[in-house]
Amino acid sequence: MAFININKENFYHNLNQIALQTGSLEKVAIVLKDNAYGHGLELMAGLASEHGIAHAVVRNTYEAAKIESLFESILILGDKVLKHEKYSYALNSLEAINEAEKGAKVELKIDTGMHRNGIALESLDEALGQITKQGLTLVGVMTHYRSADVLSSEFFWQQKAFEKVKEKVRQVGFENVRFHSHNSAAILRNKHFSEDMVRVGIAAYGYNELETPFDKTRLKPVLSLHATKIATRVLRAGERVGYGGDFTAKEDMTISTYEVGYGDGWRRGDVSNPYVTPKEGNILGRVSMDFVALASEEDEVCIMNDAQEAAKQLGTISYEIITNLHPDITREVI
Ligand SMILES: *Cc1c(COP(=O)(O)O)cnc(C)c1O
């Protein structure tokens with residue numbers, strides 16, 4: 001079988017690194033959307049809460065309900081807006097304000113330049129008026145940066161625009177509103193953090209996706225993917241392995257089949273440029289739905305222990321490598 005190890009010490013190390021940037025753990029909201037980036041929603045929520053994290057961010061009410069007891073507040077990024085003691089909902093459009101249930105806690109998302117979700121700067125007044133009229137409780141105002149991870153001025157003009165938004169919201173007279181704009185890349189590059197909260201995802205799981213010119217905070221990968229052996233065999237020179245027989249043994253060699261494949265969310269990759277595991281060399285031939293072949297006799301092998309490294313090999317980003325891992329894979333804290 002395929003199995004995942006979750007390194008608790010590394011997770012706490014990463015959270016502490018973020019807390020150094022924010023000034024305290026209290027300002028850290030852990031982003032647990034998409035099964036906690038493939039790490040396991042309830043598992044990671046439990047660990048985060050145990051470490052003193054009080055705020056979480058998820059994608060929908062379904063995810064929020066599973067971890068409700070563990071946090072003081074849960075921000076839901078996109079779902080039907082309902083009244084709830086602990087949940088607050090990001091408002092991504094003017095329509096969403098009108099459809100929200102009276103009494104619901106909301107956090108207004110402002111589009112400061114990413115143009116994905118959120119209310120246009122010009123519509124801020126209208127949105128604030130609508131929130132009051134609908135009887136909603138504004139508990140937060142937020143924005144999201146489109147290029148916090150690259151060295152350019154874009155990050156700064158978005159930040160400036162958000163400063164104006166803050167001023168306006170205060171002027172209108174809203175109180176007890178938390179302002180937040182930083183994701184992992186933004187908090188890792190910003191040495192002068194002064195907001196109420198960060199929404200930290202990928203950095204908590206151990207990856208710093210910033211381009212090299214930035215000061216690199218050392219983070220440690222939390223997740224590793226492993227597989228157990230099904231069978232070992234000797235492959236004679238000239239014999240070929242797997243679907244299509246894409247790998248041919250140059251000489252006699254011992255290989256084993258391990259139980260992990262694209263059915264587990266591991267990537268199939270490109271057989272002409274095979275993925276290299278941390279210790280057992282490259283995957284031999286094609287990745288099957290549930291199996292891979294390796295030149296190894298070990299009972300258990302590590303397939304991946306650094307999603308950023310794997311992403312480089314497989315032509316994607318760390319986020320995709322980890323979020324794709326199937327929720328049914330056994331996850332164990334080590
Ligand atoms: C996913 C997400 C985050 C977290 O981003 P990371 O780059 O993983 O830190 C923060 N804010 C919003 C709105 C998001 O959707």
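This is a predicted model: local features need pLDDT of at least 70, side-chain atom pairs count only at pLDDT 80 or more; totals for chains, interfaces and linings use all residues.
The ligand is surrounded by 13 residues, and the closest of them are K33, Y37, S184, R199 and Y319. By type, that shell divides into 5 nonpolar, 4 polar and 4 charged residues.

S184 places a polar side-chain atom 2.5 Å from a ligand oxygen. Y319 has a polar side-chain atom 2.7 Å from an oxygen atom of the ligand, and for K33 the distance from a side-chain N or O atom to a ligand oxygen is 2.7 Å. A polar contact here is a pair of N or O atoms within 3.5 Å, so these pairs at 2.5 Å and 2.7 Å qualify. How much of the ligand does the protein bury? Taken alone, the ligand exposes 390 Å², and the protein buries 94% of that.

Leaving the ligand, we can look at charged pairs. Across the whole structure, a search finds 10 salt bridges. One of them joins R178 and E107, whose closest N and O atoms are 2.6 Å apart. This pair links distant parts of the chain: R178 belongs to strand β9 (residues 178-180) and E107 to strand β6 (residues 105-111), with the two residues 71 residues apart.

Technical notes
Residues are numbered from 1 along each chain as its sequence is written. Side-chain values use heavy atoms; hydrogens and water are left out. A residue is near a molecule or strand if one of its heavy atoms lies within 4 Å of it. A polar contact is a pair of N or O atoms within 3.5 Å; within protein, one must be able to donate a hydrogen and the other to accept it, and residues adjacent in sequence count only if both atoms are side-chain atoms. Accessible areas come from the Shrake-Rupley method with a 1.4 Å probe; for residues, only the protein chains shown count as cover. Ala, Val, Leu, Ile, Met, Phe, Trp, Tyr, Cys and Pro count as nonpolar, Asp, Glu, Lys and Arg as charged, and the others, Gly among them, as polar. A salt bridge is a side-chain nitrogen of Lys or Arg within 4 Å of a carboxyl oxygen of Asp or Glu. Helices (H or I, at least four residues) and strands (E, at least two) are DSSP runs, numbered from the N terminus.
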